[in-house]
Amino acid sequence: MSSQTPVPAGFRGVAGNIGIKDPKDDFFAVVSEVPANVSAVFTRSRFAGPSVLLSRRTAADGRARGVTVIARNANVATGRVGDDHARELQEGVARAAGVAPEEILVASTGVIGRPYPMEKVRAHLEGLPAEFPPADLDRAAGAMMTTDTHPKAASARVGGATVTGIAKGVGMIEPNMATMLAWFFTDAELEQPVLDEVFRRVVDRTFNALSIDTDTSTSDSAAVFANGLAGPVDTAAFEAALYEVALKLVRMIASDGEGAGKLLEVRVTGARDDAQAKVVAKAVVNSPLVKTAVHGADPNWGRVAMAVGKCEEETDILPENVRIVFGDVETYPAEPSDEVLERASQHMKGDEVLIGVDLGIGGGEFTAYGCDLTEGYIRINADYTT
């Protein structure tokens, strides 16, 4: 395999088609040649799938070699048989890779409520090569797509090490931890507690800032694997590189939201603290009325004011202190003229739309990422299982 996206040292992998729905790749596994530290976060959904439950246990000790993913079948709400199938997948990949089952995270994404076609899965696992070739992370990113329109991969350098991430997700995204699926691989050497702290901080500022449709997936999983083959790196520099890669993936996901035509960035400043800024940013980015206005390039600042106003528990937000902008065009508090609204509309006709809200309270800030709401979203999800 050959990947255009840089692959950190020591990661091998396979990808292919099990045949779950169509002839496209729907399976991959990426495994480190040597033991690796891991940090992982998962959905908080009460309907979390067997893959999530199994991977939580696998990642609990902070050590894992890699991950395997099946796409187009979520293996969720499948009862005891789903648990058995997740374990069998983990064991089959581990056996092929020559590692212990408890070293492999498992993830699945796609239609909920249907068990794996295990005859096809078993046949595919039995046909895996005796030695995995160097990983192709671009192909792996493509193999876990469902309604995504393109693979999502990004990479950065930190000292002599590489950080590369791949992600999928365009719908059912309002995460409490991460996006639907996101995997980071690095040959940097970091102690596991440090890796865990860094990863969780990055997730909070990137994937936890993302929302497409307010629906939390049953399968959300994200992890970083660090095998240390490139040696130690500066922790702050590593966090900056990881953040850079994660933010690129988040922006890719937001702009590729189901049926989306535009990336929506909501930047809240002047809040009491960052937590308040996040509440307000999410309220704006999740508003169907704001999202449809963005789709129509309609600078209806009243809808933004409405979304801010429904944060009713934030009693220190006062209308007279709030400022609303589209791009760099202020629409509130001053009553905008036709000329001002036209300038704001021109900004909204672009591929990326920025809505800024300053609360005029303190120094808290947070940026949320999403997309417009279109007829395409309805069509995709109306026909999803048929």
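Reader: Let us start with one residue. In which strand does Lys 152 lie?

Author: A word on the source comes before the answer: this is a predicted model. Lys 152 belongs to strand β6, which covers residues 152-158.

Reader: Is Lys 152 buried or exposed?

Author: The term buried is used for a relative accessible area under 20%. Lys 152 has a value of 0%, so it is buried.

Reader: Which side chain makes a polar contact with the side chain of Lys 152?

Author: That of Asp 148, at 2.8 Å. There is also a backbone atom to look at: the oxygen of His 150 is 3.1 Å from a polar atom of the Lys 152 side chain.

Reader: Now a helix. Which residues of α3 are buried?

Author: Helix α3 covers residues 118-126, and its buried residues include Met 118, Val 121, His 124 and Leu 125. They span an arc of only 125° around the axis, so they lie on the same side of α3.

Reader: What does the face turned away from the buried side of α3 carry?

Author: Exposed residues, Glu 119 and Glu 126.

Reader: Let us move to a loop. Where does Asn 17 lie?

Author: Asn 17 is in the loop between β1 and β2. Its relative accessibility is 29%, so Asn 17 counts as partly exposed.

Reader: How far is Asn 17 from Phe 27 in sequence and in space?

Author: The two are 10 residues apart in sequence, and their C-alpha atoms are 6.1 Å apart in space.

Reader: Which residues does Asn 17 touch, leaving out those up to four places away in sequence?

Author: Asp 22, Pro 23, Lys 24, Asp 25, Asp 26 and His 124. His 124 is one of the buried residues of α3. As for Lys 24, its backbone oxygen is 2.5 Å from a polar atom of the Asn 17 side chain.

Reader: Next, pairs of helices. At what angle do α7 and α9 pack?

Author: Helix α7 (residues 274-286) and helix α9 (residues 301-309) pack at about 135°, and their axes are 8 Å apart. An angle over 145 degrees would count as roughly antiparallel. The pair α7 and α9 is therefore oblique. The crossing of α7 past α9 is right-handed. Val 280, Ala 283 and Val 284 of α7 make the contact with Val 304, Ala 307 and Val 308 of α9.

Reader: At what angle do α8 and α9 cross?

Author: At roughly 155°, with the axes of α8 (residues 288-295) and α9 coming within 9 Å. These two helices are therefore roughly antiparallel. Here α8 passes α9 in a left-handed crossing. On the α8 side, Leu 289, Val 290, Thr 292 and Ala 293 take part, and they meet Arg 303, Val 304, Met 306 and Ala 307 of α9.

Reader: Which handedness does the crossing of α5 and α6 have?

Author: It is right-handed. The axes of α5 (residues 192-205) and α6 (residues 235-255) come within 10 Å and cross at roughly 35°. Among the residues in this contact are Val 194, Leu 195 and Phe 199 of α5, and Phe 238, Leu 242 and Tyr 243 of α6.

Reader: Last, the backbone. What do most residues and most peptide bonds look like?

Author: Most residues other than glycine have a negative phi, and most peptide bonds are trans. In this structure, Asn 75 has a positive phi of about 50° although it is not a glycine. Asn 75 lies in the loop between β4 and α2, and it is buried, at 0% relative accessible area. Ala 297 also has a positive phi, of about 55°, without being a glycine. It is in the loop between α8 and α9 and, at 9% relative accessibility, counts as buried.

Reader: Which residues does Ser 345 touch, again leaving out those up to four places away in sequence?

Author: Ala 297 and Pro 299. Ser 345 itself is in helix α10 (residues 338-348) and is buried, with a relative accessible area of 10%.

Reader: Which two residues does a cis peptide bond join?

Author: Tyr 332 and Pro 333, with omega at about 25°. Pro 333 is in the loop between β12 (329-332) and α10.

Notes:
Residues are numbered from 1 along each chain as its sequence is written. This is a predicted model: local features need pLDDT of at least 70, side-chain atom pairs count only at pLDDT 80 or more; totals for chains, interfaces and linings use all residues. Side-chain values use heavy atoms; hydrogens and water are left out. Helices (H or I, at least four residues) and strands (E, at least two) are DSSP runs, numbered from the N terminus. Buried means under 20% relative accessible area, exposed over 50%, partly exposed in between (1.4 Å probe, protein chains only). A polar contact is a pair of N or O atoms within 3.5 Å; within protein, one must be able to donate a hydrogen and the other to accept it, and residues adjacent in sequence count only if both atoms are side-chain atoms. The arc is that of the directions from the helix axis to the C-beta atoms. Axes are lines fitted to C-alpha atoms, for helices over the stretch in contact, and angles run from 0 to 180 degrees between N-to-C directions. Angles under 35 degrees count as roughly parallel, over 145 as roughly antiparallel, 65 to 115 as roughly perpendicular and the rest as oblique. A crossing is left-handed if the near helix is turned anticlockwise from the far one by less than a right angle, and right-handed if clockwise. Contact means heavy atoms within 4.5 Å.
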